[in-house]
Amino acid sequence: STFDPHSSPAGIIYCDDTFPRSLRGTFLVTRFGNLLKRDKDVGFDVLQMRVKKTANGYEAETKTWLAPLARPIDVIALNRAIYVLEYSRPLNHKGDVPMLPGRLLELREK
């Protein structure tokens with residue numbers, strides 16, 4: 001309920017103890033990005049979420065982890081790497097970049 005309207009959360013992974021320390025115990029969530037032209041673009045990123053139990057249920061601390069991206073639709077953890085799948089190339093609604101095929105990004109700790 002706290003995501004920006006039209007940001008469209010999509011893929012999600014849980015980062016367990018095999019991930020780098022800064023990610024452990026959090027979720028990574030892709031946000032496709034708004035399709036409606038607005039004053040402000042929302043999405044086009046991967047969020048890092050830390051969920052905490054409270055007296056009234058749960059709440060999440062959320063921050064941008066990777067941006068800008070070209071409409072990420074999924075995130076996968078495999079063989080000690082994180083893969084982010086992009087749908088197309090535009091990073092926002094402001095440019096004239098056509099809807100070219102997206103990319104598969106591999107992120108790995110050095």
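**Strands, core and salt bridges**

Read along the sequence, the protein chain runs β-β-β-β-β-β-β. This is a predicted model, where local features need pLDDT of at least 70, side-chain atom pairs count only at pLDDT 80 or more, and totals for chains, interfaces and linings use all residues. Residues are numbered from 1 along each chain as its sequence is written, and side-chain values use heavy atoms, with hydrogens and water left out.

Student: How many helices and strands does the protein chain have?
Tutor: Helices (H or I, at least four residues) and strands (E, at least two) are DSSP runs, numbered from the N terminus. The pattern is β-β-β-β-β-β-β. The count is zero helices and seven strands.

Student: Which residues does Leu 105 contact, leaving aside its neighbours within four places in sequence?
Tutor: Contact means heavy atoms within 4.5 Å. Leu 105 belongs to the largest nonpolar core. Its partners are Leu 69, Ile 82, Tyr 83, Val 84 and Glu 86.

Student: Why does the pair Arg 31 and Asp 45 tie together parts apart in sequence, and how many residues lie between those parts?
Tutor: The two side chains meet in a salt bridge at 2.8 Å, N to O; the term means a side-chain nitrogen of Lys or Arg within 4 Å of a carboxyl oxygen of Asp or Glu. Arg 31 lies in strand β2 (residues 26–31) and Asp 45 in strand β3 (residues 45–54), so the pair ties together parts that are 14 residues apart in sequence.

Student: Is Glu 86 buried or exposed, and at what relative accessible area?
Tutor: Buried means under 20% relative accessible area, exposed over 50%, partly exposed in between (1.4 Å probe, protein chains only). Glu 86 forms a salt bridge with Arg 103 (2.7 Å, N to O). Arg 103 is partly exposed at 35%. Glu 86 is buried, at 3%.

Student: What relative accessibility does Arg 108 have?
Tutor: The side chain of Arg 108 meets that of Glu 106 in a salt bridge (3.1 Å, N to O). Glu 106 is partly exposed at 45%. Arg 108 is also partly exposed. Its value is 46%.

Terms used: Core = buried A, V, L, I, M, F, W, Y, C linked by side-chain atoms within 4.5 Å.
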